[in-house]
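Please summarise the contacts in the complex shown below, with the cut-offs behind each term.

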Number of protein chains: 2
Amino acid sequence: MSIPTTTKMTYTDTQCGKNLSAVEDALYVVGGKWTLRIVIALLSGHYRFNDLQRTIKGISARVLSAELKDLEINGLVTRVVLADEKPVVTEYRPAEYSKTLRSVITALADWGQNHRKKIKGLL
Amino acid sequence: MSIPTTTKMTYTDTQCGKNLSAVEDALYVVGGKWTLRIVIALLSGHYRFNDLQRTIKGISARVLSAELKDLEINGLVTRVVLADEKPVVTEYRPAEYSKTLRSVITALADWGQNHRKKIKGLL
DNA sequence: CAGTATCCCGCGAGATACTG
DNA sequence: CAGTATCTCGCGGGATACTG
């Protein structure tokens, strides 16, 4: 089965492998620079393209557009066209599935907040 | 807890801002392609350079080296030289602080595992 | 074993402009 | 408003080789 020739441990090792590949799977979908930020904005009620762009500082239309497309592919976003005449009106709605990311987001947000405190303490 | 059903919102909005910047802070430290994988390996008991490189498939020595350096700077890793003669022996130990990342890692791992299941179900 | 030194390339992504 | 079209560039990071 396992081949730790030079090192010991077997249990933690397979645990490690599982964690690694699971985290890799997650990061593949959600590890991009903008992905989680977009999901956060969506879950906070920003549904429109320009609104999203304004909310997520620094993102370009091109990137936002591309990012929304594969969020849709990954089942995290649903695109809804409310009006396709004259000035088009579109909404990007967080799919139910995107709510499963909440635990990830809070874990990350908590850690980030705490880390910021830690950094400030060092100055 | 309640979400304003109107298009204008203020509460959720500032919530969104907080989440966004907190998550950005976290991602800044831990959002790199390799960072979390390295932390996982470290927390699983892989302390040696070559061991880490073997465990984390696909990482090059150059990148691992660089990554370990700023993990050290960020207080997540402690470098310990066990022997500096002849064949140098070094250990990279996960700092106490790195354990605070466990919740992030498990949240991500859980989601990744679940996501993989979901994907398989769609085929 | 634990790294460093180079060389090199792709693509992620910024800036800017345009359209139905 | 909601995007698309280009053009451009840096740097993240792979490959390979070398060293104390």
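Which side chain places a polar atom 3.4 Å from a base oxygen of DNA strand D? That side chain belongs to R62(A).

The model is predicted: local features need pLDDT of at least 70, side-chain atom pairs count only at pLDDT 80 or more, and totals for chains, interfaces and linings use all residues. Side-chain values use heavy atoms, with hydrogens and water left out, residues are numbered from 1 along each chain as its sequence is written, and chains are lettered from A and ligands numbered from 1 in the order in which they are written.

**DNA strand D**

There are 16 residues around DNA strand D, where near means that a heavy atom of the residue lies within 4 Å. Among these residues, R48(A), S65(A), R79(A), Y92(A) and R62(B) come nearest.

| Side chain | Atom of DNA strand D | Distance |
|---|---|---|
| R62(A) | base oxygen | 3.4 Å |
| K69(A) | phosphate oxygen | 2.9 Å |
| R79(A) | phosphate oxygen | 2.3 Å |

Elements that each supply at least two residues of this surface are α3 (49-55), α4 (61-73) and β2 (89-94) of chain A, together with α4 (61-73) of chain B. Helices (H or I, at least four residues) and strands (E, at least two) are DSSP runs, numbered from the N terminus. The largest share, four residues, comes from α4(A).

**Chain A and chain B**

Chain A and chain B each give 42 residues to their contact, defined by heavy atoms within 4.5 Å. About 3900 Å² is buried between the two chains, with carbon and sulfur atoms giving 68% of that area. Buried area is the accessible area (1.4 Å probe) that two parts lose on being put together, summed over both. On the chain A side, Y97(A), L108(A) and W111(A) lose the most area to chain B, together 17% of what that side buries.

Four salt bridges are counted between chain A and chain B, each a side-chain nitrogen of Lys or Arg within 4 Å of a carboxyl oxygen of Asp or Glu. One of them joins D25(B) to R116(A), with the closest N and O atoms 2.7 Å apart. In chain A, α1 (11-30), α2 (35-43) and α5 (102-122) each supply at least two residues of the side that touches chain B.

Key
A polar contact is a pair of N or O atoms within 3.5 Å; within protein, one must be able to donate a hydrogen and the other to accept it, and residues adjacent in sequence count only if both atoms are side-chain atoms.
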